[in-house]
Amino acid sequence: MVHRLSFEAVNRAFCDIMDVPFGGAHYKPFGGKVVLLGGDFRQTLPIVADAGREESIDSSLTCSFLWQHCTVLHLTENMRVVASRESQRSTFGGMPFTEWTLAVGNGNVPGKSFPSNQSTDWIEIPESLLLPSSGNPIHTITSTVYPDFAQRFHNVSYLTERSIITPTNANVTEINSHMLALIPGMPRTYFSGDSLHTDASDPDRLEAEYPTEFLNSLSFNGCPEHQIDLKVFAPIMLLRNLNPSIGLCNGTRLMVLYLGHYVIKGMIMGGTFNGKTVAIPRIVLSVNDYRWPFVLKRRQFPVRLCYAMTINKSQGQTLQNVGVYLPKPVFSHGQLYVAVSRVRTPDGLRFLIMNEDGVPSNCTRNIVYQEAFVDLQTPSS
Ligand SMILES: Nc1ncnc2c1ncn2[C@@H]1O[C@H](COP(=O)(O)OP(=O)(O)OP(=O)(O)O)[C@@H](O)[C@H]1O
């Protein structure tokens, strides 16, 4: 979901363009233009660094002054799952899959509480969705989602239809490294060129304080790593909008075809541009993180491996086979709902859950902030 401040900025720009006063009796939202917004408040809220529950809710469009001008219309049919007869037949917690998915999103699956844990937002995942609990969890989840990988690692449709999703980047990296090592041959490594930029009066002092080696060690959400290891046939995800008109958007998945010095060539997997071959250049990405007194400029290919991806990054994807790897529970509103709603059929969805002692479990957290739904039933003029 986009932060409400972004909508408010667009609103001001439209008022400016349409020469409509911003505020007062003649004020018209978006300069009088009709704007259609689509979204699902069961999904994750905008990411605000170090935000608690209140700040996350406050970032939502429903907390903007614009919301009073919105009319809410509800979609009623789940088009992703509707085609599957199997999803209607089987029951999950006594309901069809589509209803169970919504119950997870609405926070209506009956909770379970534990003597050791005061939190009541833990739910049981239906038995039919759980993976067998023995052995190495990484091996279990990767061999389930990527069966016969040694024979099929270069098959583009095989890669297109599957992914492992998990809450944190650390687990994503662990699974991606495991999978890359299974492809024959040595990886090609790309290192970024990092520098810092600052308006401070003494940039030399900052450069001495934060040497390049330190900049290289920094990782940021949505920014490629300093070191990227890739092999031909590996699936990668684009981390920036490069050229939407040819399908190169933030979140586009591609299979690597060629690893050059100046470009990476890949084949787009899924969506309107499925099968199209494209070249990705290195670009300079700027990261302005409040924790550091500088802007990091990183010159790197804007990609990362995507055998696994974070739950947040999986929003927008529709896949046939999804393994949800939960070595720790989800940590924010809507993540479990996003995880369970990536598939067309429950047959393609499997969970591997570990409890805090690292023992496989059938219970996990489902965080749902009910305040996120408060204003959705009230159509206004
Ligand atoms: N009218 C339709 N007829 C058939 N299939 C549809 C229709 N609308 C959407 N779908 C399918 O449902 C899936 C989800 O659609 P889409 O990605 O547009 O929804 P979304 O709300 O953006 O999803 P997300 O849950 O990722 O936010 C896609 O695979 C799409 O092909």
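Residues are numbered from 1 along each chain as its sequence is written, and side-chain values use heavy atoms, with hydrogens and water left out. Because the model is predicted, local features need pLDDT of at least 70 and side-chain atom pairs count only at pLDDT 80 or more, while totals for chains, interfaces and linings use all residues.

Helices (H or I, at least four residues) and strands (E, at least two) are DSSP runs, numbered from the N terminus. Helix α1 covers residues 4-17, 14 residues in total, and reaches 20 Å from its first C-alpha to its last. That is close to the 20 Å expected at 1.5 Å a residue, where the expected span is 1.5 Å times one less than the number of residues. Within α1, R4, F7, E8, N11 and C15 are buried; buried means under 20% relative accessible area, exposed over 50% and partly exposed in between (1.4 Å probe, protein chains only). Seen down the axis of α1, these buried residues fall within an arc of 100 degrees, so they line one face of the helix; the arc is that of the directions from the helix axis to the C-beta atoms. On the other side of α1, D16 and I17 are exposed. The cover over the buried residues of α1 includes α2 (53-58). Just after α1, D19 takes a positive phi of about 60 degrees.

Attention now turns to the second largest pocket. A pocket is an open set of points on a 1 Å grid over the protein atoms alone, where a 1.4 Å probe fits, with protein on both sides within 12 Å along at least five of seven lines; lining residues have an atom within 4 Å of a point. The second largest pocket holds about 1800 Å³ of space, the volume being the space filled by probe spheres set on the points, which are joined across faces, edges and corners. Of its 44 lining residues, G38, G39, D40, L73 and L75 are the closest to the centre. By class, the lining has 23 nonpolar, 14 polar and seven charged residues. Here Ala, Val, Leu, Ile, Met, Phe, Trp, Tyr, Cys and Pro count as nonpolar, Asp, Glu, Lys and Arg as charged, and the others, Gly among them, as polar.

Helix α4 (residues 97-106) gives the most to this lining, with four residues. α4 is also mostly covered, with seven of its ten residues buried, namely F97, T98, W100, T101, A103, V104 and G105. G107 follows α4 and has a positive phi, near 75 degrees.

Positive phi values also occur in loops, in residues other than glycine. D148, with phi near 50 degrees, lies between α5 (137-145) and α6 (149-152) and is partly exposed at 48% relative accessible area. F233, with a positive phi of about 85 degrees, sits in the loop between β6 (227-230) and β7 (235-238). F233 is partly exposed, at 29% relative accessibility.

Finally, G266 is found in strand β9 (residues 263-269) and is buried, at 0% relative accessibility. Not counting residues up to four places away in sequence, G266 touches L254, M255, V256, L257, K276, T277 and V278, where contact means heavy atoms within 4.5 Å.
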